[in-house]
Amino acid sequence: MSEKENSKSFMSSMMSWIDRRFPVTENLERHLTKHPVPKKVNFYYLFGALLMVVFMIQVITGIWLMMFYTNTEEGAFASIEYIMRDVEYGWLMRYMHSTGASAFFFLMYFHMFRGLLYGSYQKPKELVWLFGCFLLFLLMAEGFLGYVLPWGQMSYWAANVILSLFGAIPYIGPDLQVWIQGDFVLSGITLSRFFALHVVVVPLLMIALVVFHIFALHEVGAGNPEGVDIEKHRDAKGMPLDGAPFHPYKTFSALPAMGIFFIVFFAIVFFAPTGGGYLIEKPNFEEANFLKTPDHIAPVWYYAPFYSILRAVTFGIPFLGITSKFLGFIIFAASIAILFVVPWLDRSNVQSIRYKGIYSKIAMILFASSFITLGYLGTKPVNELRTLIAQICTIFYFAPFILMPIYTKYEKTLEVPERL
Amino acid sequence: MKKFLILLIPLSIFIYSAGENKCGSLEKCDYYSADVHDTYSLQRGLGIYMNYCSTCHTLELLRWNRLQRDLDIPETILIEDLIANPDIKIADYMTFGLPEVSAIGAPDLTLRTRVRGEDWIYTYLRTFYEDPEQLTGTNNLVYPGTSMPNILVGLQGIQTLDNDGTIKLKSEGSLSRAEFDDSMKDLVNFLAYASEPARITREKNGIFVILFFIIFTAVMWLLYREYAKEIK
Amino acid sequence: MSKKRKHIHILDGMSLYTRDRSPFYWGYLNIGGKIFKKSLKTTDRKEAEKLLFAWKNEIFSNSMNLSDDQDHIEDHDHSKQEVIVDDKRRKALLITSGIMGAVTVAGFAVPFLSAWKPSEKAKALGASVKFDLSKLQPGAMAIVEWRRTPIFVVHQTQEAIDNLPKLNSKVTDQANDVLPSSNNKFTVLKGVCTHLSCAPKYHPEIEPKAWDQDWLGGFFCPCHGSKFDLAGRVYKGVPAPINLEIPPHTFSGNTLIIGESA
Ligand code: HEM
Ligand code: FES
């Protein structure tokens with residue numbers, strides 16, 4: 001008994017020694033054990049935790065792939081097959097990494113859609129949302145850079161298409177493209193710098209942003225599907241009445257979610273790692289060939305909606321000297337950029353779609369269905385009808401945002417309850 | 001919220017019906033999905049590969065000893081019958097010293113099944129027909145103008161193309177149609193194996209990983225319920 | 001079928017709402033910051049409104065007696081439905097899930113650790129090598145590369161073999177007075193000094209050397225002066241602690257196979 005007490009006091013004096021120099025306990029309490037979260041949320045609120053899990057999977061499998069990967073024009077493709085065949089469990093690392101990239105986007109899109117549905121970007125969470133948007137941007141860059149690394153036909157030609165976009169910028173475009181490539185064509189020189197960006201620069205930025213994202217969130221408090229402010233009603237200890245400590249309630253709710261995620265994730269990794277050509281495309285099993293374009297270049301599914309928007313712009317603005325290619329680039333960039341300003345477009349007096357008016361609901365449905373349709377079209381070769389549909393969907397993609405200041409201000413909203 | 005989930009259903013339908021399904025001049029390839037777990041089939045496929053394909057095509061990413069291990073081939077058979085060349089080590093690749101793309105342009109076959117798809121290869125091998133206009137004397141429905149001669153003609157028999165675009169058997173080969181199709185399945189199985197040797201372990205062990213996570217989820221769910229009821 | 005959740009605003013601080021699993025309308029009142037909720041036990045909208053007003057009036061008259069404290073502190077209302085915590089069950093679940101977690105982490109670790117083992121390529125490079133002995137003259141030494149290590153293959157002269165027992169007193173490991181690694185004529189050694197991994201030099205000549213006046217042939221390591229005899233036995237009083245290592249090898253006729261033991 002006394003021994004136990006002794007060791008306890010030793011532990012606690014040790015802790016206080018550390019805490020005086022480095023606030024471990026304080027931060028644990030602040031971000032984990034005592035941090036209040038709304039006690040009633042729905043499954044949408046689990047995607048953030050899963051995103052952290054995939055991020056870790058990507059970093060760890062990525063580090064392991066890096067141990068065997070060769071970042072040269074001659075060696076890259078062969079080194080991927082080396083990983084797949086000769087390295088013990090190399091295939092698992094690679095499939096986890098490639099499936100992880102898709103999972104990352106899948107979760108990211110749901111995570112963001114949650115934000116749009118429940119107004120999670122509204123005051124005072126604007127910065128949380130902004131950091132998130134930067135993360136989306138970085139993830140898109142990261143995926144693109146990583147996609148080039150296996151140096152297959154699709155890596156090469158898809159990268160070629162995207163890099164040519166930079167060439168469309170008036171005046172500086174062609175020089176900018178050459179500068180990014182470090183060569184007059186996409187080549188091994190480009191591959192090496194993309195490798196450095198993919199494994200060091202972008203992941204580092206992402207880690208930093210994830211930290212900002214979480215810190216900002218913990219400062220202003222997590223939201224809930226009702227849009228109820230839980231801070232209003234507190235008990236004697238200052239704990240929100242509708243809140244519960246992060247640990248064990250939130251942590252333990254993330255565990256079954258993680259289990260379900262792993263079931264789906266590993267079902268893909270073990271039984272359909274190429275996802276029928278959607279996760280790893282067939283042409284990417286052929287080494288990059290400068291002289292031969294694959295018959296059909298399609299982006300991976302997670303870029304497809306944006307790629308569709310890009311392709312849907314078949315006209316320019318001649319009197320401004322804007323070619324259709326450049327206008328496509330602008331609108332493509334705008335489709336991501338518009339997400340950044342959403343917090344300032346929404347003028348509604350309620351947060352959640354549950355209490356917003358009918359226009360907001362229609363807007364959300366329009367946005368979601370056009371996003372999915374654009375994604376579908378993006379993986380298909382173009383024809384006239386598809387281009388037309390893509391153009392309409394592009395309008396429906398932007399309209400909910402552009403009109404947001406109007407309809408959110410004037411539509412009739414329902415009263416939000418006081419408590420959860 | 002269920003409305004939004006319903007929107008996802010079309011997405012899941014698109015996932016597998018991907019791409020334009022055209023198969024050369026055919027509307028669709030004959031469906032075939034390789035089975036790499038039938039070791040005898042893989043061995044038979046290897047036999048066909050060695051007899052008919054290996055004169056022109058290499059397997060530059062497959063090692064002899066890997067093949068031996070995965071296909072359960074006795075060492076003496078490997079060394080005396082399959083490699084049959086004292087200069088080749090068992091850890092070497094199955095290239096027989098051929099260049100990656102041989103003089104007549106035959107590509108390396110290791111990854112072809114992954115590039116083209118299993119159904120494509122399966123259909124391609126079975127749709128050669130007589131065509132005097134071609135250098136090789138034969139043409140193919142899936143890959144019109146292919147420069148590969150129909151080396152399997154002895155097994156399959158000579159096929160001709162009817163005016164309506166279907167294929168007819170002109171003279172019998174040594175195998176019946178069903179036997180020939182089975183052999184081609186063996187060959188595709190073998191090529192699918194060659195394109196990804198890890199597939200055998202991958203598909204075999206995946207199920208245990210998934211079962212584990214099902215149990216994991218169940219336990220974690222109970223744990224979560226246990227705590228969640230406090231804050232209901 | 002559960003009803004959709006819905007809020008119907010009546011007046012400020014007064015509303016009706018429906019709940020997921022209840023067929024009835026519920027009343028919601030906010031009176032001076034205090035919240036009241038209850039089921040109105042009716043599915044009729046009009047009726048519910050009436051009840052809500054009645055309820056409000058009732059509370060209003062009651063609340064006259066209550067102190068109107070601004071900093072009113074509310075109770076955790078979930079504590080109303082007393083939760084009985086089964087500590088045993090909880091502990092069992094915590095332990096099971098802890099074990100599950102540990103198994104998961106260990107399971108994840110296996111492939112990552114295995115990936116560091118020599119790959120098939122490394123094994124292929126590390127496979128055994130063959131060496132044709134017929135061209136190696138007596139007294140000559142060949143260096144064969146195996147696993148990126150120099151392997152010394154010495155064809156011993158009869159004189160060298162006869163000299164070996166004479167060195168028994170000078171070497172650490174006297175027992176080995178026969179050629180330890182030979183088919184009587186050939187010695188196969190790893191050309192790696194057992195001190196700090198330099199490559200020792202082959203000095204078969206029997207003549208006084210700077211490092212040894214009575215040199216009977218052997219290996220001398222230039223790095224820190226370790227001495228070995230022709231059979232690879234280490235001399236006493238040198239930095240190297242043990243004999244030169246013998247790689248696994250076998251003889252098949254005139255062919256030496258390094259990397260496979262007999
Ligand atoms: C953070 C999010 C990340 C995403 C979304 C991502 C995405 C990708 C993608 C799509 C590929 C191509 C996969 C394929 O077709 O095989 C790839 C390859 C690669 N990634 Fe990442 N990655 C991420 C993080 C990392 C990190 C942190 C590292 C290293 C520290 C890393 C190292 C690699 C390497 C070495 C490859 C090339 C090998 C291969 O293609 O299999 N990645 N990545
Ligand atoms: S390394 Fe040979 S004597 Fe030190």
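Colleague: Among contacts in chain B between residues at least 6 apart in sequence, what percentage join residues at least 24 apart?

Modeller: In chain B, 65% of the contacts between residues at least 6 apart in sequence join residues at least 24 apart. Please keep in mind that this is a predicted model.

Colleague: Noted. How many helices and strands are there in chain B?

Modeller: Chain B has 10 helices and 6 strands. Of its 232 residues, 47% count as buried.

Colleague: And into which domains is chain B divided?

Modeller: Domain 1 of chain B covers 18–197, and domain 2 of chain B covers 198–232. Their centres, taken over C-alpha atoms, are separated by 41 Å. In the contact, domain 1 of chain B takes part with 11 residues and domain 2 of chain B with 6 residues.

Colleague: What area do domain 1 and domain 2 of chain B bury between them?

Modeller: The two domains of chain B bury about 720 Å² between them, and 45% of that is on carbon and sulfur atoms. On the side of domain 1 of chain B, the residues that lose the most area to domain 2 of chain B are B:V36, B:H37 and B:E196, together 63% of what that side buries.

Colleague: Turning to chain A, where do its domain bounds fall?

Modeller: Domain 1 of chain A is made of two segments, 35–274 + 284–290, while domain 2 of chain A runs over 299–420. For this pair, 22 Å separate the centres, taken over C-alpha atoms.

Colleague: How many residues of domain 1 of chain A are in contact with domain 2 of chain A?

Modeller: There are 46 residues of domain 1 of chain A in contact with 37 residues of domain 2 of chain A. Between them the two domains of chain A bury about 3900 Å², with 68% of it on carbon and sulfur atoms.

Colleague: Let us look at A:F332. Is A:F332 buried or exposed?

Modeller: A:F332 has a relative accessible area of 18%, so it counts as buried, the limit being under 20%. A:F332 belongs to helix α12 of chain A, residues 324–340.

Colleague: Which residues does A:F332 touch, not counting those up to four places away in sequence?

Modeller: With residues up to four places away in sequence left out, A:F332 touches A:L165, A:F306, A:I309 and A:L310. As for A:Y307, its C-alpha is 7.6 Å in space from that of A:F332, and the two are 25 residues apart in sequence.

Colleague: Next, cavities. How many of 30 Å³ or more does the structure hold?

Modeller: The structure holds 4 cavities of 30 Å³ or more. The volume of the largest cavity is about 60 Å³.

Colleague: Which elements give two or more residues to the lining of that largest cavity?

Modeller: Those elements are α11 (304–312) and α15 (384–402) of chain A. Among the residues that line the largest cavity are A:S308, A:R311, A:K380, A:R386 and A:T387. By class, this lining has 5 nonpolar, 2 polar and 3 charged residues.

Colleague: I would also like to check the backbone. What kind of peptide bond joins A:K123 and A:P124?

Modeller: A:K123 and A:P124 are joined by a cis peptide bond, with omega about 5°. A:P124 lies in the loop between α5 (90–117) and α6 (126–148) of chain A. A cis peptide bond also joins A:H247 and A:P248, again with omega about 5°, and A:P248 is found in helix α10 of chain A, residues 246–271.

Colleague: And why would one pick out a positive phi?

Modeller: Because most residues other than glycine have a negative phi. Phi of A:W151 is near 55°, and phi of A:Y171 is near 65°.

Colleague: Where are A:W151 and A:Y171 in chain A?

Modeller: A:W151 lies in the loop between α6 and α7 (153–167) of chain A. A:W151 is buried, with a relative accessible area of 2%. A:Y171 is found in the loop between α7 and α8 (173–181) of chain A. A:Y171 is exposed, its relative accessible area being 82%.

Colleague: Finally, how many residues of chain C are in contact with chain B?

Modeller: Chain C has 20 residues in contact with 17 residues of chain B. The area buried between chain C and chain B is about 1800 Å², and carbon and sulfur atoms give 62% of it. Of the area that chain C buries against chain B, C:R90, C:M100 and C:E120 supply 31%, more than any other three residues.

Methods: Residues are numbered from 1 along each chain as its sequence is written. Chains are lettered from A and ligands numbered from 1 in the order in which they are written. This is a predicted model: local features need pLDDT of at least 70, side-chain atom pairs count only at pLDDT 80 or more; totals for chains, interfaces and linings use all residues. Side-chain values use heavy atoms; hydrogens and water are left out. Helices (H or I, at least four residues) and strands (E, at least two) are DSSP runs, numbered from the N terminus. Buried means under 20% relative accessible area, exposed over 50%, partly exposed in between (1.4 Å probe, protein chains only). Contact means heavy atoms within 4.5 Å. On a 1 Å grid over the protein atoms alone, a cavity is a set of points where a 1.4 Å probe fits but cannot get out, and a pocket is an open set with protein on both sides within 12 Å along at least five of seven lines; lining residues have an atom within 4 Å of a point. Grid points are joined across faces, edges and corners, and a volume is the space filled by probe spheres set on the points. Ala, Val, Leu, Ile, Met, Phe, Trp, Tyr, Cys and Pro count as nonpolar, Asp, Glu, Lys and Arg as charged, and the others, Gly among them, as polar. Domain bounds come from an automatic or database domain assignment. Buried area is the accessible area (1.4 Å probe) that two parts lose on being put together, summed over both.
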